[in-house]
Amino acid sequence: MAVTTMIGARIHRREDPRLVSGHGRFIDDMTRPHMAFMTVVRSPYAHAKIRSIDASEAKKAPGVHAVYTYADFKDHITGGVPVTAAFVAEKKYVPNQFPIAHDEVVYQGEPVAVVLANESGQAADAALLVKVDYEPLAAVMDIEKAMEKGSPTVHLGAPDNIGWDLTYSPDSPEAFKEAEVVVKERILQQRLFPIAMEGRGVVAEYDGYDKHLTLWTSTQIPHFVRLFVGTACGLAESQVRVIAGPDVGGGFGSKIRPYVEEYLAVIASKLSSRPVKWIEGRSENLVATTHGRGQIFDIEVGAKKDGTLVALKVTQYIDLGGYQGVFGAFQAVACLLSGGAYRWKHIAARTVGVLTNKTSTDPYRGAGRPEATHLVERAIDLVAREIGMDPVELRRKNFATEFPFTNNFGLVYDSGNYGGTLDKALELANYKDLRREQEALRKQGRYLGIGLSTWIEICGLGPSAATAPAAGVALVESSQVRIHPTGGVSVYVGTHSHGQSHDTTFAQIVADTLGVPYDSIEMHHGDTAEGPAMGYGTYGSRSLAVGGMSIRMSCLKVVDKAKKLAAHILEADEADVVFDQGRFHVKGSPEKAKALGEIAFASYGAGLPEGMEQGLEAVSYFDPPNFTWPFGAHICVVEVDPETGAVDMRKYIAVDDCGNVINPMVVEGQLHGGIVQGIAQALFEEVVYDDESGQLRTGTLTDYLVPTANEIPELVLASTVTPSPSNALGVKGIGEAGTIASSAAVINAICDALAPFGIKHVDMPASPDRLWKQIQQAREHSNGERGARK
Amino acid sequence: MKHKVATTVNGSKHEHEVEPRLLLVHYLRDVLGLTGTHIGCDTSQCGACTILVDGKAVKSCTMFAVQAEGRSLTTIEGMAKDGELHPLQQAFWDEHGLQCGYCTPGFIMAAAYLLDQNPNPTEDEIRRGLEGNLCRCTGYVNIVKSVQAAAKTMGGAHAKPAESQSAVRGS
């Protein structure tokens, strides 16, 4: 075998020269001859009937080619946007989402018409002239009110607003009998905007003569777009080429589904016989692209006074929006991971999906796993507070320590060393000194808080045995490796890279597995016209553990064939041929070696062994035996000013374990960004709708605080390495880890800081305003108590 | 009615008739074909469209093209000279200062102005100097390191060297 020289090395990214010099190729950079620009006319109402649409003025506006409404699309699109079959088996109500509204709109931003014009400004101008006569209806905005009997419904005529209601594991009063203390809390997960820096966009070019569609789109899942959008628009996959990007400016889960504008642009191109381009503006993005989180958790925790965790009861309510998200139900995984890194006798869990007149929620970085971490890490701290135990000791006492570890829902954690990452984090933080400093500062009326998050996650989605029944699709991954006659290597993979650095890290794997120069390898992804028939895309921290493994498999198949041919050329028995660093030789005669490139050249020529076909290339589909289970320990240190409610983050330490590492520079980058997205949820970000009118109140980036460099503290990273037994590379995944871990660490730190006020729980975002009010209430409460005692 | 606008962009002279409402960023992208300047919002928050106007960092969505009359503009495409990356571009590459790369041109242009004004900034000055730009991938950690590294190669006398973030690695 090749020795490992590239795997584990800090290789600088091959993606970067074009991106730092302004030569990236993003969707808005794409132009085609005779292209028309599409503007989408969207509902300003959260819920309304459409009485009529008058496009006569718009059609007369300068540069306008056409205005299309439901009536134009209805015979060209079959069905609607797909919703994954299960994740949650007991779906009650799944309203069909046709890509454009017919006679009712159910969220602000739902498309009602599209305008095509020569220039984007002309299309935008004409869109203002489309007269839509709406009859506003009661908007259902609050998920608790939406669940009440007699609530208005999100869709007229619907039975109720319940999308699903599933109990994974029933409540057990028995289980709580052993508990000596019981703590209850309601934990909110506010709605978030994903905000990839590049919004979405589409260029659809339908060729009516060849009956062929080329669709450029800013997506994480080109093959699924081809499958779902193409099929719904009456085209076979062989007639459709989808190109993601070619460069895609971030995704964070918001680009993992087929979107209505893709269907609309395809049919608009077909109807107008022009290439059609649609580019999402940012304010449009905030209503048209899916949101994340939007959940309420009611939890009840039972423990013994010595800190032994006994029982947990979790009820999750998810704000689905007007239509169920394509992968929205995946977020119910929060229930299955609600036990975190700990041993529990019993966990009861129920998930309820509730429709509201808002934009759909769908996975956003971490999807279900940040929520699980947040609730269980809060639960641990609440119990620690209740019994007066150090939260570090409570964690240690209850960690799963034997691996593989089967959790209460039958999920098998592949490997772990939870105490190991915790020890390292405590050491880096000087935990004991911090506690002493906290004590001293409290005497001065200053409030330091130390928060822990000993997180786990499920990733590497995922084994077909689990994902096919759960998602309706087997989330395996494909690859193709080609050795050209002169030795160059082309690699195609079904995952997609939009910042994850796959072109670099996957080439590192290929270089080591084939023993060829890194620079001789060309990586390809994101174009359905190339490589294997199906690709499964990028989400769920899966690309390396599934896609990387698939590439390795294809490389090994190529080596296997090359070895047979090498034996033939070297006139030796195959069993005596050794493959070492890209060269084949007969045992004991390393001086007479044949390079892989030489074998490749021979493979396309004459004189092959009996029965061997020409060529040196292979296709593989990797179906992992299990998910992978990264973990880690984060410590956040904050000081809260009780007079202003301001949080000063003094330190953030993250010790993470994602198994073997291909490129530590890339892993650190993923952690940085992920941690900051979780900090952003904890402190800054919140999507706010007006409960009465249904209007989005955070409708531009002026109203929604995406943190800048100025809001973010220094991050201290470290790691341990516990290889995954689930794949031969021993890798796990790191794309979402930071976000999964960090919100809990921050909020635990704030609650710890405010313990002297008797504050046990703080919701997100922990804005100065929210904290100041909570501190004031706590002070009034304690003054009142003192008053009462007098 | 269209108006004439004459500018120098990355050293080349251009003259066009444009609509008065055309934003400078659209002029650069759609008229001149310089698509390295990106658009990430519609309220001037994100800074992806930052360029230099007579040497000063400007969000090009905040100017009309006609306001650039007679000005000298530098975009990300004008930063590399004779096939050599600008030290900031090199530093972003070296320090992994980008992931998806969409915000990167704006950060590099904003940082160019920052270092022009203050060749030897502290970390705090860098963070404050870049607060007009948003990045969603990097958490800003390696962007700050990139600017520190560029300051060093560009000759800032006391620029702090970029330190490795990870104090400890391996088990």
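Chain B and chain A meet in a contact that takes 52 residues from chain B and 51 residues from chain A. This is a predicted model, so please read every value below as computed from it. On the side of chain B that touches chain A, the residues divide by class into 25 nonpolar, 19 polar and eight charged. The notes below begin with that contact, then turn to a sheet, some helices and a few backbone details.

**Where the chains meet**
- Four helices of chain B each give two or more residues to the side that touches chain A: H2 (87-94), H3 (104-117), H4 (123-129) and H5 (141-153).
- As general background, the size of an interface is often quoted as the accessible area lost when the parts come together.

**A four-stranded sheet in chain A**
- The strands of this open sheet follow the order E21-E20-E19-E25 in chain A, and their pairing is mixed.
- Strands E21 (521-525) and E25 (617-622) of chain A are at the edges with a single partner strand each, so one side of each has no neighbour in the sheet.
- From one strand to the next, the twist averages 15 degrees.
- Strand E19 (residues 477-483) and strand E20 (residues 489-493) of chain A run antiparallel and are joined by five bridges.
- Within this part of the sheet, Val481(A) stands opposite Val491(A) in E20(A).
- Helix H16 (residues 502-514) of chain A packs on the sheet and touches E20 and E21 of chain A. The direction of H16 makes about 130 degrees with that of E21(A).

**Helices of chain A**
- Helix H17 (residues 543-569) packs against helix H18 (residues 596-603) in chain A at an angle of about 85 degrees, and their axes are 10 Å apart. That angle makes H17(A) roughly perpendicular to H18(A).
- From H17(A), the residues Ala562(A), Leu565(A), Ala566(A) and Ile569(A) meet Leu596(A), Ile599(A), Ala602(A) and Ser603(A) of H18(A). By class, this contact has seven nonpolar residues, one polar and no charged ones.
- Helix H19 (residues 664-683) of chain A has 20 residues, which at 1.5 Å a residue should span 28 Å; its end C-alpha atoms are 28 Å apart, in agreement.
- H19(A) is also mostly covered, with 19 of its 20 residues buried.

**Backbone details to look at**
- For orientation, most residues other than glycine have a negative phi, and most peptide bonds are trans.
- The peptide bond from Phe403(A) to Pro404(A) is cis, with omega near -5 degrees. Pro404(A) sits in the loop between helix H12 (391-398) and strand E16 (405-406) of chain A.
- Another cis peptide bond runs from Leu461(A) to Gly462(A), with omega near -25 degrees. Gly462(A) belongs to the loop between strand E18 (447-453) and helix H15 (464-471) of chain A.
- Asp82(B) is not a glycine, yet its phi is positive, near 50 degrees. Asp82(B) lies in the loop between strand E5 (72-74) and H2 of chain B, and it counts as exposed because 4 other C-beta atoms lie within 10 Å.
- His96(B) likewise is not a glycine and has a positive phi, of about 55 degrees. His96(B) is in the loop between H2 and H3 of chain B, and it counts as buried because 25 other C-beta atoms lie within 10 Å.

Methods
Residues are numbered from 1 along each chain as its sequence is written. Chains are lettered from A and ligands numbered from 1 in the order in which they are written. This is a predicted model: local features need pLDDT of at least 70, side-chain atom pairs count only at pLDDT 80 or more; totals for chains, interfaces and linings use all residues. Axes are lines fitted to C-alpha atoms, for helices over the stretch in contact, and angles run from 0 to 180 degrees between N-to-C directions. Angles under 35 degrees count as roughly parallel, over 145 as roughly antiparallel, 65 to 115 as roughly perpendicular and the rest as oblique. Two residues are in contact if their C-beta atoms, placed from the backbone, lie within 7 Å. Ala, Val, Leu, Ile, Met, Phe, Trp, Tyr, Cys and Pro count as nonpolar, Asp, Glu, Lys and Arg as charged, and the others, Gly among them, as polar. A residue is buried if 20 or more other C-beta atoms lie within 10 Å of its own, exposed if 12 or fewer, and partly exposed in between; C-beta atoms are placed from the backbone. The expected span of a helix is 1.5 Å times one less than its number of residues. Two strands pair if DSSP finds at least two bridges between them.
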